[in-house]
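Subject: Structure handover

Hi,

Here is the structure I said I would pass on. Please look it over, then read my notes below.

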Amino acid sequence: MNKNAIALGLATLLLSGTAFAAPVFSDDFNRKNSNHVGAAWSEIERNGKDVAISNNALQLRDVHQHSNSTASSPDAAATFSVSTLGLDNLLLSFAWAPLTASEAGDTLNLSWRVAGGSWMDLWSTGLGGNGAWSTANVGLGAAAADQQSIDIRFWTDVRVSWWFIVSDSPANEGARIDWVTLTGDAIPVAVAPLAPEPTPTTPPEASQAVPEPASLALLGLGLAGLGALRRRQHKA
């Protein structure tokens with residue numbers, strides 16, 4: 001597959017499938033050829049040319065082959081560190097291709113760890129093939145989310161070839177990597193619900209004054225007195 005088509009496919013994926021994801025880290029390796037990756041990468045290699053920038057891609061190869069390589073003791077490795085604070089749903093997208101001398105038993109691997117912790121393997125593929133480019137999209141899982149710092153490592157495990165045993169020529173086996181992009185979703189911030197506004201209350205109406213019994217008695221006597229006075233006046 002053409003490298004430009006790979007780049008377009010990865011860009012389309014990031015724009016469509018992760019529309020709400022924020023880019024956390026990216027590198028397209030578009031810089032001059034060098035035996036040092038530079039940027040934010042650290043290297044592990046057994047030869048000064050094992051980890052390099054070659055034709056605008058990251059190259060991992062091993063010219064001193066051995067067996068039983070691991071993430072902590074790889075044949076060749078390139079590592080970057082990044083903070084994932086406030087992020088989850090982490091997705092690492094990249095393109096990869098085998099070096100044409102690679103065999104089916106050779107592998108390209110991807111591992112991660114919380115900074116200073118133990119390596120955990122995420123993804124692996126055999127490198128036998130014709131050098132064509134492929135894409136990979138690897139989720140890092142919940143354990144990698146919301147961390148102060150994590151390390152992500154690409155590394156190769158190149159096995160001993162029968163012809164290498166009888167030859168002093170170094171083997172050019174390994175992988176090329178390009179368009180590395182890590183994205184993540186912002187973790188929603190919990191917001192305390194607002195207190196309900198107080199419900200307006202209608203002030204109670206003023207109570208009507210109720211006459212006391214003594215007052216009623218006095219009022220009755222007064223009315224009776226007025227009635228008697230009017231009768232006396234009428235008789236007179």
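Two strands count as paired if DSSP finds at least two bridges between them. Keep in mind that this is a predicted model.

Start with strand E5, residues 76-82. E5 pairs with E10 in the antiparallel sense, over seven bridges. Within that pair, Ala-78 has Phe-154 of E10 as its bridge partner.

Next, the other pairing of E10. Strand E10 covers residues 150-157, and eight bridges join E7 to E10. The two run antiparallel. Trp-112 stands opposite Ile-152 in E10.

E7 also pairs with strand E8, residues 120-126. That pairing is antiparallel too, with six bridges. Here Ser-111 stands opposite Asp-121 of E8. E7 and E8 make a hairpin, with five residues between them. In the turn, Gly-116 has a positive phi of about 90°.

One last point: why is strand E7 largely enclosed by the rest of the structure? Buried means under 20% relative accessible area. Six of the eight residues in E7 (residues 107-114) are buried, so the strand is largely enclosed.

Best wishes

Conventions. Residues are numbered from 1 along each chain as its sequence is written. This is a predicted model: local features need pLDDT of at least 70, side-chain atom pairs count only at pLDDT 80 or more; totals for chains, interfaces and linings use all residues. Side-chain values use heavy atoms; hydrogens and water are left out. Buried means under 20% relative accessible area, exposed over 50%, partly exposed in between (1.4 Å probe, protein chains only). Helices (H or I, at least four residues) and strands (E, at least two) are DSSP runs, numbered from the N terminus.
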